[in-house]
Amino acid sequence: MQVKNIETIKTFPHSMFKEIFEQPQVIKNIIGEYVDKKRKEVIFNDPDKILKKLKKINRIILLGCGTSYHAALSGKYMFSEYLGIEAEIDLADEFIARKVKTDSKTLVITISQSGKTADIIRAVRLVRKQKSFVLSLTNALNSKLDWLDNFTLYNQAGEEKALAATKTYTSQILLFILITLYLGKLQKKITPMLRIKIINGIIRLPKKINQILKQNVNLQIVANKYYKLDDLLILGKNYQYASALEAGLKLKETTYMHAESFALGEFLHGPVAISGKKRPCLVFAPLGKNYKEAKEMIKKLKKLKKKVIVITTQGNRQLIRIADKIIYTPKTLNLFNPILTIIPIQILAYHIAVLKGINPDRPRNLNKYVI
Ligand code: BG6
């Protein structure tokens, strides 16, 4: 795939680090490809084909594995919040095991950065046999997935050499935002005013990501403090549940830490029992829809004498006296928070891996994709 203008900074010691820093440019690439900045509209190639199909759709199923599944989860929440569509979501292998019946009115959205993951390919073969329309989000032009689907949106992220998905994850979430806007216009569920507001927000995203990247040295200091930890519990709600799951996977993959993620509300239904002093909690609490619940949980955890690390929005002073450590992300629309809040964790995971002497690009026992 053609990658436009991705800056190569030679001083990056590992691909993972470099790829984290490429995220502003990848977002710009996606904007260049799929956003009409003047008309404030989303543009997809071959609109007639996609439009004809989408008009008939009465069911949406989202499928992915690993990081791609977490991006799909954010997509599910967007469809629900902005379109009133309750999309189904599954891990590709579980979906196959359930022998799900689909038909020509089903839209199956498959997410796979590599376009090669065997579970995804098998799932696509299955639903194509059942005559369903398949829309794929992938970073790989001419991959197996690309050949099997009906319509592809590309991450525009360039090659991702490191095992851990970073720039492909945030670009997958942005593609979901664009699909939401596209369907929102088609189904008249998103007003032109809201669409313009969201598109303007997308245009500002690279700047906001750069603000987070500038915290690299601070995050290195945080990594120094916590890198010997064996256990971390991670909590988040709604979009931030997706961030919590992805943070857990990133930390496991690159640092071998036992990092376990929970939906915020679910944590009190059992898992809280394992939260001893040696297991700090990381809580995703950006300002926005679910901030209040996250703040209440942080207070509860502190009453239990737990160490709490918080990710919240710049300018929020309410947690200063409560949390043990606060990492800030720029103020944004809640819809963009799943893109912004994961970036400090990508950077932390990278530095922790390096401090532990792990090669973050090639951690043990893992492949970039499983075939
Ligand atoms: C796994 C990788 O094997 O595949 C994960 O270890 C990755 O990091 C998952 O997220 C899915 O890969 P893809 O290419 O289908 O998005």
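Leucine 178 touches Tyr34 and Val42, leaving out residues up to four places away in sequence; two residues are in contact if their C-beta atoms, placed from the backbone, lie within 7 Å. The model is a predicted one, in which local features need pLDDT of at least 70, side-chain atom pairs count only at pLDDT 80 or more, and totals for chains, interfaces and linings use all residues. Residues are numbered from 1 along each chain as its sequence is written.

A residue counts as buried if 20 or more other C-beta atoms lie within 10 Å of its own, as exposed if 12 or fewer do, and as partly exposed in between, with C-beta atoms placed from the backbone. Helices (H or I, at least four residues) and strands (E, at least two) are DSSP runs, numbered from the N terminus. The core draws at least three residues from each of domain 1 (15–205) and domain 2 (215–355). As a general background, nonpolar side chains tend to be buried together in soluble globular proteins.

How do the two domains meet? The chain is assigned domain 1 (15–205) and domain 2 (215–355), with bounds that come from an automatic or database domain assignment. The C-alpha centres of domain 1 and domain 2 lie 26 Å apart. In the contact, 22 residues of domain 1 meet 21 residues of domain 2. On the side of domain 1 that touches domain 2, the elements giving two or more residues are α1 (15–21), α4 (66–83), α8 and α9. Of these, α4 gives the most, with 7 residues. This side of domain 1 has 14 nonpolar, 8 polar and no charged residues. In this grouping Ala, Val, Leu, Ile, Met, Phe, Trp, Tyr, Cys and Pro count as nonpolar, Asp, Glu, Lys and Arg as charged, and the others, Gly among them, as polar.

Helix packing can be followed in two pairs. Two packed helices are described by the angle between their axes and the distance between the axes. The axes of α4 and helix α11 (residues 239–255) come within 8 Å and cross at roughly 175°. Axes are lines fitted to C-alpha atoms, for helices over the stretch in contact, and angles run from 0 to 180 degrees between N-to-C directions. The crossing makes α4 roughly antiparallel to α11; angles under 35 degrees count as roughly parallel, over 145 as roughly antiparallel, 65 to 115 as roughly perpendicular and the rest as oblique. Gly66, Thr67, His70, Leu73, Ser74 and Tyr77 of α4 make this contact with Tyr239, Ala242, Leu245, Glu246 and Leu249 of α11. By class, the contact of α4 with α11 has 6 nonpolar, 4 polar and 1 charged residues.

In the second pair, helix α2 (residues 23–34) packs with helix α9 (residues 192–213) at an angle of about 170°, their axes 8 Å apart. That makes α2 roughly antiparallel to α9. Gln23, Pro24, Ile27, Lys28 and Ile31 in α2 meet Ile202, Ile203, Leu205, Pro206, Ile209 and Asn210 in α9. The contact of α2 with α9 divides into 8 nonpolar, 2 polar and 1 charged residues.

Some loop residues complete the picture. Asparagine 155, in the loop between β7 (151–154) and α8 (167–186), counts as buried because it has 27 C-beta neighbours inside 10 Å. Beyond four places in sequence, asparagine 155 is in contact with residues including Gln113, Leu137 and Thr168. Serine 275 lies in the loop between β9 (258–263) and β10 (281–284) and is partly exposed, with 17 other C-beta atoms within 10 Å.

Most residues other than glycine have a negative phi. Asparagine 142, however, has a positive phi near 65°; with 10 C-beta neighbours inside 10 Å, asparagine 142 counts as exposed. Asparagine 238 has a positive phi of about 55°, but asparagine 238 is buried, with 22 other C-beta atoms within 10 Å.
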